[in-house]
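Please read it alongside the sequence and the coordinates.

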Amino acid sequence: MITLIDRPVTLFGGTALVPEAEKLEARELNARLAEKGIHYEGALPVGSGEGTMARRIVAAHDSARGDGLMHLKFDALTSHDITYVAALQTAVACGLEKFPVPYVLTNCHNSLCAVGGTINEDDHMFGLTAARKFGGIFVPRHLAVIHQYMREAVAKSGGMILGTDSHTRYGALGTLAVGEGGPEMVKQLLGRTYDFAWPGVIAVYLTGAPRPGVGPHDVALAICGAVFKNGFVKNRTMEFVGPGVSSLSAEFRLGVDVMTTETACWSSIWRTDGKIAEFFRVHGRPRDYAPLEPDAAARYDGALVVDLSAVEPMIAVPFHPSNAYTIADFKANAGDILRQAERDARELMDNPELDVDLTGKLRGGTFHVEQGVICGCAGGNFENLVAAAQILDGGSTGCGSFGLSVYPSSMPVGEALMNGGWMQKLINAGAVNYPAFCGPCFGAGETPCNQGFSVRHTTRNFPNREGSKPNAGQWSAVALMDARSIAATAANGGALTSAFEFADRLAGHESYVFDGEIYAKRVYNGFGRPRPETALRYGPNIKPWPEIAPLPENQLLLVASVIDDPVTTTDELIPSGETSSLRSNPLKLAEFTLQRKDPNYVPAAKRAKALEEARAAAVKDGGEMPAELKKLLDLAGIAAERVGLGSLVCAVKPGDGSAREQAASSQKMLGGQANVAREYATKRYRSNLVNWGMAPWIVGDADRARFKTGAWLFIPGAKAFVSGDGTEIEAELLDGGTRLPVTLSLPGVTRGERDMLLAGCLMNAYRNEKNN
């Protein structure tokens with residue numbers, strides 16, 4: 001089904017994939033190409049990504065400076081209502097005057113959460129006034145989920161889009177899109193650049209065509225299962241090529257593409273064709289289409305060969321999209337797989353007493369679930385819901401414990417489903433229809449009952465993405481499946497079922513009809529027409545960022561939490577779900593940092609912050625220092641005026657998942673100054689750390705094992721080190737009376753990143769530039 005080629009390959013004529021082609025003798029190469037009817041006489045590409053679509057698009061957006069980095073400016077920007085307030089607050093503090101490119105503010109995440117009174121709608125009003133003041137685009141709540149609107153109204157072939165949501169992926173339309181934290185958005189809003197070393201590019205070579213019953217989520221989960229754990233595409237671009245691309249509809253490609261985020265890749269791009277041209281025509285934007293193909297010879301850093309005809313209906317069991325099995329294999333080995341999931345649950349939830357019983361859902365050899373959800377940018381598209389309606393037509397989800405919910409990804413999609421009678425078929429079968437909303441995807445809606453199990457066509461099944469609270473003794477789980485198999489499961493009243501069993505019901509349907517008037521009458525589009533006289537409307541929960549100190553000469557950092565899980569998600573660093581209603585109040589949100597993973601983190605970090613405040617007060621006023629602080633300074637052998645105190649988190653591989661900057665900024669609000677890790681799961685989390693003035697230290701396994709909660713990391717000469725150009729510094733762990741040496745490194749740190757760390761955060765760095 002999937003083959004990995006972990007060495008450079010060259011693609012000739014878009015159809016012939018030749019590993020290490022540059023090492024072949026010309027005669028052997030020509031013979032191999034002749035077998036596929038290809039004649040190539042040009043020079044062979046040798047550089048990473050030479051001749052690829054990704055390299056071509058990046059080059060068109062790069063203001064090269066000769067320093068080995070890309071310096072990119074994007075064509076459009078987008079944020080949703082969990083992320084845009086924080087980004088705009090930072091940009092305003094840095095002197096924002098107007099939006100330089102189209103900036104779309106959507107409201108699809110907290111729009112149905114009645115948590116915290118008026119604060120959700122207060123944020124929406126802030127966003128609307130910001131769009132008016134600075135010349136932006138505002139999409140009101142329930143009108144569309146963020147990525148569907150961008151597909152329908154903004155993405156262009158050959159363009160680049162930056163979004164403050166990790167699933168910013170429009171590669172199937174020919175747009176190279178990137179999800180990052182809010183500070184990277186601020187850089188673009190202020191006319192700065194996105195600075196990043198060329199990530200390399202992996203060919204995803206598709207052959208064959210999917211069988212009836214196989215949907216985009218099946219292909220996506222199979223790919224995630226093949227590449228996430230081994231890091232094959234981590235921080236690289238995935239370029240989808242090969243003859244199999246043409247066998248997929250535009251929406252099928254979009255459904256696979258949005259899930260590339262779960263592979264930990266940097267971005268994605270697909271070759272385009274007539275089906276993509278038709279997508280743009282249907283949406284009233286034919287001029288935004290352009291044909292994209294790799295050059296006659298294109299060199300990739302590796303390849304992923306996917307035989308679409310061999311893909312089967314899939315299920316990704318808790319707690320990651322890469323925990324993928326064919327449904328057939330799952331049913332054949334359900335007991336073993338579920339027992340492992342139970343062990344993972346107890347370990348990940350850090351609650352060994354948690355009552356976890358998944359194997360109890362096996363009755364008579366059949367696995368039963370309580371809930372099905374088809375939702376959001378991955379699942380709620382027209383073709384997915386039509387397929388679900390075809391499977392359920394004339395059937396029933398039953399009146400037992402199982403329930404099915406469907407969320408069209410936009411109002412135009414919902415209207416087309418109603419006009420075609422498809423939504424009526426779903427409702428008649430027992431499904432419940434909701435407006436466009438991302439909640440079930442990030443833990444703010446559709447929480448199952450305690451011990452409940454939900455199958456979802458959404459993007460993630462991380463711990464607590466379904467909204468439960470294990471620390472309170474409640475727990476439920478999510479598995480990912482394609483809409484077709486979810487509908488098949490619904491047709492059997494919640495008994496897990498492969499869509500292959502209903503494949504004969506999947507037939508053709510009329511083409512999608514897009515009604516652009518829905519957006520024309522509700523979306524505020526002020527791009528190019530800023531109204532600077534507009535006052536930003538602040539609600540009582542919208543608070544500015546507090547003052548942040550620059551990097552001190554030396555550092556003493558409390559090890560406030562040590563996490564030994566192989567991967568730590570951003571959801572574990574700062575919970576998604578209802579806590580996101582506090583996203584515009586940084587100090588209140590910070591109270592939930594690591595709440596589900598390490599409840600002792602917040603009080604520990606506050607203790608270090610209190611000691612720093614006591615130190616600063618004593619230095620300023622000459623007052624008495626607490627005994628604990630005196631003892632610590634004596635152990636470090638450092639004077640109070642020459643050091644700054646803070647805290648750190650030590651993990652193995654933190655930052656998988658969301659682009660939300662709050663995963664880093666919430667640590668900073670509590671006095672966090674660094675993370676220490678073997679590696680970082682994503683570029684975007686590392687960037688969030690740097691932009692918030694938190695050093696992303698790397699340590700070897702032996703040194704990392706020395707970090708214990710409650711110890712202090714002493715970094716002598718921290719400021720001098722960051723000011724210079726070194727990549728390694730010797731530090732010490734102070735634990736009681738012991739001093740343990742450790743080596744810290746900052747590989748790949750750029751001059752610009754050093755400036756952020758020195759200033760204490762991006763906001764400080766830009767203010768310093770302005771004042772100087």
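The axes of H13 (residues 382-392) and H14 (residues 411-419) come within 10 Å and cross at roughly 30°. Axes here are lines fitted to C-alpha atoms, for helices over the stretch in contact, with angles running from 0 to 180 degrees between N-to-C directions. Helices (H or I, at least four residues) and strands (E, at least two) are DSSP runs, numbered from the N terminus.

This is a predicted model, in which local features need pLDDT of at least 70 and side-chain atom pairs count only at pLDDT 80 or more, while totals for chains, interfaces and linings use all residues. Residues are numbered from 1 along each chain as its sequence is written, and side-chain values use heavy atoms, with hydrogens and water left out.

On the H13 side the contact (heavy atoms within 4.5 Å) involves Phe382, Leu385 and Val386, which meet Val413, Ala416 and Leu417 in H14. The residues of this contact divide into six nonpolar, no polar and no charged, where Ala, Val, Leu, Ile, Met, Phe, Trp, Tyr, Cys and Pro count as nonpolar, Asp, Glu, Lys and Arg as charged, and the others, Gly among them, as polar.

A second pair is formed by H6 (residues 182-189) and H24 (residues 683-691), which pack at an angle of about 75° with their axes 8 Å apart. That angle makes H6 roughly perpendicular to H24. Gly182, Pro183, Glu184 and Lys187 of H6 meet Lys683, Ser687, Asn688 and Asn691 of H24, and by class this contact has one nonpolar, four polar and three charged residues.

**Helices with a buried face**

In H2 (residues 53-60), the buried residues are Met53, Ala54, Ile57 and Val58; buried means under 20% relative accessible area, exposed over 50%, and partly exposed in between, with a 1.4 Å probe and protein chains only. Seen down the axis of H2, these residues fall within an arc of 125°, so they line one face of the helix; the arc is that of the directions from the helix axis to the C-beta atoms. An α-helix has 3.6 residues a turn, so residues three or four places apart point the same way. On the other side of H2, Ala59 and Ala60 are exposed. The buried residues of H2 pack against several strands, including S4 (70-72), S8 (160-163), S11 (201-207) and S13 (267-270).

H15 (residues 422-429) has Trp422, Met423, Leu426 and Ala429 buried, and they cover an arc of only 130° around the axis, which puts them on the same side of H15. What covers these residues includes H13, strand S21 (403-406), H14 and strand S22 (432-433). After H15 comes Gly430, whose phi is positive, near 115°.

Thr568 is placed in strand S27 (residues 568-569) and, at 0% relative accessibility, counts as buried. Not counting residues up to four places away in sequence, Thr568 touches Ile563, Leu573, Ala651, Lys653, Pro654, Gly655 and Asp656. Thr579 lies in the loop between H19 (570-573) and H20 (586-590) and is buried, with a relative accessible area of 3%. Leaving aside neighbours within four places in sequence, Thr579 is in contact with Leu589 and Phe592. The table gives a C-alpha separation for each threonine.

| Pair | Separation in sequence | C-alpha to C-alpha distance |
|---|---|---|
| Thr568 and Val652 | 84 residues | 7.6 Å |
| Thr579 and Phe592 | 13 residues | 7.4 Å |

**Backbone geometry**

Most residues other than glycine have a negative phi, and most peptide bonds are trans. The peptide bond from Pro318 to Phe319 is cis, with omega near 20°, and Phe319 lies in the loop between S16 (314-316) and S17 (324-326). Asn235, in the loop between H7 (216-227) and S12, has a positive phi near 60°. Leu594 also has a positive phi, of about 55°, although it is not a glycine; Leu594 is found in the loop between H20 and H21 (601-621), and at 0% relative accessibility it counts as buried.

Key: Parallel < 35°, antiparallel > 145°, perpendicular 65-115°, else oblique.
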